[in-house]
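Subject: Structure for you to look at

Hello,

Here is the structure I promised to pass on. Please open it alongside this note; what I found follows below.

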Amino acid sequence: MICSVALNPSIDRTLELERLNVGGLNRVKGQTDVAAGKGMNVALAAAALGEQAACIGLMYREGGAKFEARLREGGAESDFVWCDGAVRVNVKVFDREKGEITELNSSGTPVSAAQLEQMAALTARYAQKADALVLTGSLPPGCPVDLYAQLAEAARGSDCRVFLDADGERLRAGLRARPFLIKPNRYELELLSGESLDTLDKICAAARRLTDGGVRFVVVSMGGDGALMTDGEHFLHTAGMRVQVRSTVAAGDSMIAGLAAGFARGLSMAETFRLGVAAATARCMTPPEQLIRAEDCAALAAQVEVRTL
């Protein structure tokens, strides 16, 4: 099982306007609400790849049913610590004329120490039966910055691999728990290393320092420059694939799902990397309202060119 943790779920509300009139009246031409969040995205992508998948986390009584329904329809399980209040709403304003999206994200509802204790217990329980535990996404108010490290510690003693996909201080603090795999982008890796990483050699060196510190695998997404994967000894690079991009939303989450699936299946490092890249690519070429398809990922994985550095 691939289990993702969603601590700060959101309803993504997209408002379509002909033209955004800043400071004036705007008439909405279309609106969609989607139960979203990085933990949700990972679970849905893993299920689409054919893996048993679950999403656990903190959930709110107002709006929470949308998340249960979407996970169920996508073939993933759900198990939540239920909290009073409403799921936060993130607003995305799409300007049709300019083709631009303006995002307004809320912080979420504060959580209590008792709810976090329940979350740690829930995480420990699922770690006993999962192949991978994916810690990803933002944290709601009231959470300590090292919460991901605490949840990783809650999984210790099991055979579950911990995947950490976070940024800033959440990532830095999470490293103390020595996760199995982390997936920073180049900018996040620069923040960790404290230097500009403008060459592949510098990126490799920064990633090696993380594996020397106890992380088993580091995967670095580099946008148009492709992606890198290393265990500190072997370095793999792919330039990425040229496809018609329909949406980049959740591409990174799909990559994590593909990587987790590869390790769960016992694939080699190179084949796991291919599956992760293929899942991210499939997400980019799939309309945002649809899930990726396992057959697309398999076909793309066979085309991903991986070279050893």
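Glu16, Glu18 and Arg96 are linked in a network of salt bridges. Bear in mind that this is a predicted model. The count of salt bridges comes to 20.

Three other pairs are worth a look.

- Glutamate 195 and arginine 209 meet through their side chains in a salt bridge, 2.8 Å from N to O. Glutamate 195 sits in the loop between helix 6 (186–193) and helix 7 (200–212), and arginine 209 sits in helix 7, so the pair ties together parts that are 14 residues apart in sequence. Glutamate 195 is partly exposed, at 33% relative accessibility. Arginine 209 is partly exposed too, at 42%.
- Lysine 202 and aspartate 198 form a salt bridge at 3.0 Å, N to O. Lysine 202 is partly exposed, with 35% relative accessibility. Aspartate 198 counts as exposed because its relative accessible area is 52% and the cut-off for exposed is over 50%.
- Glutamate 271 and arginine 274 form a salt bridge at 2.8 Å, N to O. Both are in helix 9, 3 residues apart, so about one helical turn separates them. In an α-helix there are 3.6 residues a turn, so residues three or four places apart point the same way. Glutamate 271 is partly exposed, with a relative accessible area of 38%.

Now helix 9 as a whole. It covers residues 269–285. Of its 17 residues, 14 are buried, so the helix is mostly covered. At 1.5 Å a residue, the 17 residues should span 24 Å, and the end C-alpha atoms are 25 Å apart, which agrees.

Next, the charged residue I would like you to see. Which side chain of opposite charge is nearest to lysine 183? It is aspartate 165, 4.0 Å away. Lysine 183 is buried yet has no salt bridge. Lysine 183 lies in the loop between strand 10 (181–182) and helix 6. Leaving aside neighbours within four places in sequence, lysine 183 is in contact with Leu164, Asp165, Glu188, Val219, Ser221, Gly252, Met255 and Ile256.

Strand 10 leads on to the sheet. Strand 10 runs parallel to strand 11 (residues 217–221), and 2 bridges join them. Isoleucine 182 has valine 218 in strand 11 as its bridge partner.

The largest nonpolar core has 100 residues. Those with the most contacts inside it are Leu7, Met119, Leu135, Phe163, Leu181 and Met229. Leucine 7 touches Leu58, Met119, Ser138, Leu139, Pro140, Leu147, Tyr148 and Leu151, not counting residues up to four places away in sequence.

Last, leucine 104. Is leucine 104 buried or exposed? Leucine 104 counts as exposed, at 52% relative accessibility. Its place is in strand 7 (residues 100–104). Beyond its neighbours within four places in sequence, leucine 104 is in contact with Val89, Asn90 and Val91. Leucine 104 and glycine 24 are 80 residues apart along the chain, and their C-alpha atoms are separated by 17 Å.

Best wishes

Technical notes: Residues numbered from 1 in each chain as written. Predicted model: local features only at pLDDT ≥ 70, side-chain atom pairs only at ≥ 80, totals over all residues. Heavy atoms only, no water. Helix = DSSP H or I, 4+ residues; strand = E, 2+ residues; numbered from the N terminus. Expected span 1.5 Å × (residues − 1). Buried < 20%, exposed > 50% of the residue type's maximum accessible area, 1.4 Å probe, protein only. Core = buried A, V, L, I, M, F, W, Y, C linked by side-chain atoms within 4.5 Å. Contact = heavy atoms within 4.5 Å. Lys, Arg positive; Asp, Glu negative; His and termini not counted. Pairing = 2+ DSSP bridges.
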